[in-house]
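Please open the model in your viewer and keep the selection panel at hand.

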Amino acid sequence: MCIRDRTLTFAQVGISENFDSGTPAGWTDDYSNSPNGACAGNSERGNIWSSNTTGNLTTPNQVGLSNGTDLTLSFDYKIVDYNFSNPTVATGTGWGTADIQYSTDDGATWNTVFTIDDSNHTTANTCAPFSVVIPAASLPNGSDVKLQIANTWGTGDYYFYVDNFSATQVVANPPNCDATLTQTTDVSTLGNISCLLYTSDAADERS
């Protein structure tokens with residue numbers, strides 16, 4: 001029997017950034033990295049005001065890494081009035097919105113999974129945890145995944161802080177080898193037993 005070897009990989013989206021070493025390579029944004037007023041260590045922060053009415057913090061494109069499972073996106077954030085060195089005053093209502101978005105085509109189109117606004121944001125000068133699940137059906141197996149926080153100004157002059165950013169899918173494990181074995185009678189006790197895992201293009205295997 002002749003079998004062509006094939007390497008199997010079980011990948012999934014896994015992003016974890018605390019921003020303490022600066023803005024990570026490959027991230028695109030108009031935020032800045034700063035220890036001033038940070039949630040912990042350093043944070044990314046975008047100054048949103050009448051002359052800068054939009055902002056974004058965008059991850060690198062995770063090329064082909066989706067394993068088709070739910071993706072949990074979480075981060076810490078706060079919204080405080082502008083003060084370059086010591087921003088401590090919580091921004092009041094009417095500040096605007098922050099859309100939590102994902103893309104499966106490297107940012108050509110964006111899909112909003114949640115919007116942070118006055119209806120769900122608690123006014124405070126401390127960082128609060130945020131989490132949302134992007135359902136598996138939205139992230140097909142083998143698709144690209146790119147994530148973004150997109151800010152839109154309403155009123156005021158404020159910083160939108162982001163820290164401890166995490167995006168993870170459910171870990172997909174390979175099947176157990178013994179799950180494919182069946183009991184057989186009256187066979188030789190000599191020879192080799194093999195456990196083969198087939199990919200979706202298993203039709204390429206020939207024996």
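Two strands are said to pair if DSSP finds at least two bridges between them, strands themselves being DSSP runs of E with at least two residues, numbered from the N terminus. This is a predicted model, in which local features need pLDDT of at least 70 and side-chain atom pairs count only at pLDDT 80 or more, while totals for chains, interfaces and linings use all residues. Residues are numbered from 1 along each chain as its sequence is written, and side-chain values use heavy atoms, leaving out hydrogens and water.

Widening the selection shows an open sheet of 5 strands, paired antiparallel in the order β2-β5-β10-β7-β8, with β2 (28–29) and β8 as its edge strands.

Select next Ile149, whose contacts (heavy atoms within 4.5 Å), not counting residues up to four places away in sequence, include Tyr31, Leu57, Phe75, Ile100 and Phe165. Ile149 is also among the residues with the most contacts inside the largest nonpolar core, which has 29 residues; such a core is a set of buried (under 20% relative accessible area, 1.4 Å probe, protein chains only) Ala, Val, Leu, Ile, Met, Phe, Trp, Tyr and Cys residues joined through side-chain atoms within 4.5 Å.

Finally, select Lys146 and Asp106, whose side chains meet in a salt bridge at 3.0 Å, N to O, the term requiring a side-chain nitrogen of Lys or Arg within 4 Å of a carboxyl oxygen of Asp or Glu. Lys146 lies in strand β10 and Asp106 in the loop between β7 and β8, 40 residues apart.

Conventions:
Helix = DSSP H or I, 4+ residues; strand = E, 2+ residues; numbered from the N terminus. Buried < 20%, exposed > 50% of the residue type's maximum accessible area, 1.4 Å probe, protein only.
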